[in-house]
Every structure is written in C-alpha cells, then in structure tokens.
Amino acid sequence: MEFSQQDNNQNSVISFENNTIQLSHQQLKIPCFISKNFATEIEFSHITDINKQSLFPLISHDEIDLLIIGTGQSPKFLTGQQQVAIQQMSIGSESMNSDSACRSFNLLLSDARNAGLLLL
C-alpha cells in the first residue's frame, strides 16, 4: 500500500508490503520502530512482548508523546498492565491495523506531533 503524505526531512511512511516498509530515506523489514528522526528493525514481533524494557531503548532516541502500534491485518490490543506501564512512561498508546497505523503516523508527523510507530 502506498501513502501520499511525504516529508523528506522526516521518517514518513511511503509504502509497505510483503513485510517491508519504505520510508522517505530507508527501507526496513517489519517488525520495526519508527519515530521522527529514528528508525530500526526490532527483535520482538508480538504485542505481548511490549513492556518498559522493550520500549525504552526505542523511545529514548526521540521525544514520543504517542505510540501507535500497528498489529498487522487486524487490530490487537494491549493488556491493562501494558497500558499502565506505557502511561507511566508519559506516553499515550493506540493499537490498530498496520494500514491505519501508518496513515495515522504520517498525519501526526505532518502536524509536528511527537509520535512513534511500532509495526508488528
């Protein structure tokens, strides 16, 4: 799927298919984490793997106010314990399918919001 929102100075999502995501400056395999100025492939690939220890090395590269979690074809949701742990890091979170997550991330970037995108 291709996306129309593009900003060459940020990690805008250009397209993703076949477990690969194309950003404005690089290509990554999914699972991955993306923020305004940082992007990397990650080791964990399931929503149950999300916790403070797995997120801290990712979010420490950029200021993140909202973490958008793309969970593939259909949305999967964090447990209450996971939501509390993320809130304790002063970060909001939203889970949705990956298409919606990429569109939301691009929209937030274009509004100069501090968002992170975690694609599983």
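**Note on the predicted model**

1. Phe-44 sits in the loop that runs between S5 and helix H1 (52-59). The model discussed here is a predicted one. At 12% relative accessibility, Phe-44 counts as buried, because the cut-off for that class is under 20%. Setting aside neighbours within four places in sequence, the contacts of Phe-44 are Pro-31, Asp-49, Ile-50, Ser-54, Leu-58, Leu-118 and Leu-120. For the pair Phe-44 and Pro-31, the C-alpha to C-alpha distance is 7.1 Å, with 13 residues of separation in sequence.

2. Pro-31 deserves a check of its own. The peptide bond that joins Ile-30 and Pro-31 is cis, with omega at about 20°. Pro-31 belongs to the loop between strand S3 (27-29) and strand S4 (32-35). As background, most peptide bonds are trans.

3. Two residues have a backbone angle to look at. Most residues other than glycine have a negative phi. Asn-18, not a glycine, has a positive phi of about 50°; Asn-18 is located in the loop between S1 and S2 and is exposed, at 72% relative accessible area. Ala-112 is not a glycine either, and its phi is positive at about 60°. With a relative accessibility of 66%, Ala-112 is exposed.

4. The turn with Asn-18 is part of a hairpin: S1 and S2 form it, with two residues between them. Strand S1 (residues 13-17) is largely enclosed by the rest of the structure, because four of its five residues are buried. The pairing of S1 with strand S2 (residues 20-23) is antiparallel and extends over four bridges. Within that pairing, Val-13 has Leu-23 of S2 as its bridge partner.

5. Next, the sheet. Five strands make up an open sheet with mixed pairing, in the order S5-S4-S8-S6-S7. Strand S5 (39-41) and strand S7 (92-96) are at the edges; each has a single partner strand, so one side of each lacks a neighbour in the sheet. On average, neighbouring strands of this sheet are turned by 15° against each other, direction ignored.

6. S7 pairs with strand S6 (residues 66-70) in the parallel sense, over five bridges. In this pairing Ile-69 is opposite Ser-95 of S7. Helix H3 packs on the sheet and touches S4, S6, S7 and S8. The direction of H3 makes about 160° with that of S8.

7. How many disulfides does a search of the whole structure find? The search returns zero. Cys-32 is in no disulfide, and the cysteine sulfur nearest to its own is that of Cys-102, at 8.0 Å. Seen from Cys-102, the closest cysteine sulfur is in Cys-32, also at 8.0 Å, which is too far for a bond; the cut-off for a disulfide is a sulfur pair within 2.5 Å. Both cysteines are away from the surface by the accessibility criterion: Cys-32 is buried at 0% relative accessible area, and Cys-102 is buried at 0% relative accessibility.

Key: Residues numbered from 1 in each chain as written. Predicted model: local features only at pLDDT ≥ 70, side-chain atom pairs only at ≥ 80, totals over all residues. Heavy atoms only, no water. Buried < 20%, exposed > 50% of the residue type's maximum accessible area, 1.4 Å probe, protein only. Pairing = 2+ DSSP bridges. Axes fitted to C-alpha atoms, helices over the stretch in contact; angles between N-to-C directions. Contact = heavy atoms within 4.5 Å.
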